[in-house]
Amino acid sequence: MSTTPVSRWKTVAAFAVIYLVWGSTFLAIRVGVREVPPFLLAGMRFVAAGVLLCGWMRLKGTDSPTLREWGAASVVAIPFFVLDYGLVFWAEQRVPSGITAVMMATIPVFMALSEIIFIKTQRLTARLGIALAVGMVGVGVLVSHSASSGDAPIDPWGAFALIVGALSWAIGSALTPKLSLPASKAMSSGTQMLVGGVLLTLVALALGEFRRFHLQAVSLRAWIALAYLIGAGSILAFTAYVWLIHHQSPTKVGTYAYVNPVVAVLLGYLFGGETIGLRTICGTTLVLLSVVVITTARKRSSSEENVRVQAIAEASTNAQ
């Protein structure tokens, strides 16, 4: 984190971008998948964002990734993009955007579990155990049919896909430190986006989505949603995130993980025709309470915390 004083308005503007833009991308995805097949839409988004980000970094003088780095990007692109983002786009055909955002907020829960069970970098304390249990109960409330209380029932396959996506992201996060990715954060993300977009496009081809895609039938609204995901969701928000991580503490920057689901739920209600009932309120509260406790479970050195926050946010440049 830089110690150079920065203007207050720049800081406020950058936080506003990662809070509001990343929170709004879930609604943009839902708008897009109504007219464009999900894996194809995700592929279009990440190919475009990856080309733009990699090209921008090359113009700034950043070295091109090596073959080894391209290989590493291909490895992490499978859990991050094909499984996590691909399933998010697919699930949003069936699950409200606000609920999707809350379900994806469980990523820190799965990351904590992987740290406890596999990586052994976290110890299971009573506080952490309760937080994990609360998070799982929150997910159970969100997908429960009996506890609807004014909410529309959640499609079980969509909910299952989101849980698999969150788990895949946690696995990818555990793999990332072991791989030789580009040293530049921006080039690393651009490389992963580009490879991930290509893989998503291949999945779309294998699933026959190209046969169901008719260019002339796509409305201006859907194209605007795609442009927003590429420009605002991937490029603008990513730039704001990288700037903040160099000028603010990772803990402060990481608060986007608590704010984005709330923003997504509200936008889905105001502009997407989505309902907010007792089930959504209770489930969202439980999940976010769990995430807050887990992400502040124990103090780490600033460098370790920085790595953790960047790991959680890496894909948010992204399918958020």
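Which pattern does the protein follow when read along the sequence?

**Figure 1. Overview of the predicted model and its secondary structure.** Read along the sequence, the protein follows the pattern α-α-α-α-α-α-α-α-α-α-α-α-α. The secondary structure comes to 13 helices and zero strands. Of the 320 residues of the protein, 55% count as buried. Among the contacts with a sequence separation of 6 or more, 91% are accounted for by residues 24 or more positions apart.

**Figure 2. Close-up of the packing of helix 11 with helix 12.** Two packed helices are described by the angle between their axes and the distance between the axes. Helix 11 spans residues 256–271 and helix 12 spans residues 278–295; their axes come within 9 Å and cross at roughly 165°. Angles over 145 degrees count as roughly antiparallel, and helix 11 and helix 12 are therefore roughly antiparallel to each other. The crossing in which helix 11 passes helix 12 is right-handed. Helix 11 contributes Ala 257, Tyr 258, Pro 261, Val 262 and Val 265 to the contact, while helix 12 contributes Thr 280, Thr 284, Leu 288, Val 291, Val 292 and Thr 295. By class, the residues of this contact are eight nonpolar, three polar and no charged.

**Figure 3. Close-up of the packing of helix 4 with helix 11.** Helix 4, formed by residues 97–104, packs against helix 11 at an angle of about 170°, and the two axes are 7 Å apart. Helix 4 is therefore roughly antiparallel to helix 11. On the side of helix 4, the contact involves Ser 97, Gly 98, Ala 101 and Val 102; these residues meet Pro 261, Ala 264, Val 265 and Gly 268 of helix 11. The contact of helix 4 with helix 11 comprises five nonpolar, three polar and no charged residues. Pro 261 and Val 265 of helix 11 take part in this contact and also in the contact with helix 12.

Figure 4. Is Thr 11 buried or exposed? Its relative accessibility is 12%, so Thr 11 counts as buried. When neighbours within four places in sequence are left aside, Thr 11 is in contact with Val 6, Trp 243, Leu 244 and Gln 248.

Figure 5. A disulfide is a covalent bond between the sulfur atoms of two cysteines. With a cut-off of 2.5 Å between cysteine sulfur atoms, the count comes to zero disulfides.

Definitions and conventions
Residues are numbered from 1 along each chain as its sequence is written. This is a predicted model: local features need pLDDT of at least 70, side-chain atom pairs count only at pLDDT 80 or more; totals for chains, interfaces and linings use all residues. Side-chain values use heavy atoms; hydrogens and water are left out. Axes are lines fitted to C-alpha atoms, for helices over the stretch in contact, and angles run from 0 to 180 degrees between N-to-C directions. Helices (H or I, at least four residues) and strands (E, at least two) are DSSP runs, numbered from the N terminus. Angles under 35 degrees count as roughly parallel, over 145 as roughly antiparallel, 65 to 115 as roughly perpendicular and the rest as oblique. A crossing is left-handed if the near helix is turned anticlockwise from the far one by less than a right angle, and right-handed if clockwise. Contact means heavy atoms within 4.5 Å. Ala, Val, Leu, Ile, Met, Phe, Trp, Tyr, Cys and Pro count as nonpolar, Asp, Glu, Lys and Arg as charged, and the others, Gly among them, as polar. Buried means under 20% relative accessible area, exposed over 50%, partly exposed in between (1.4 Å probe, protein chains only).
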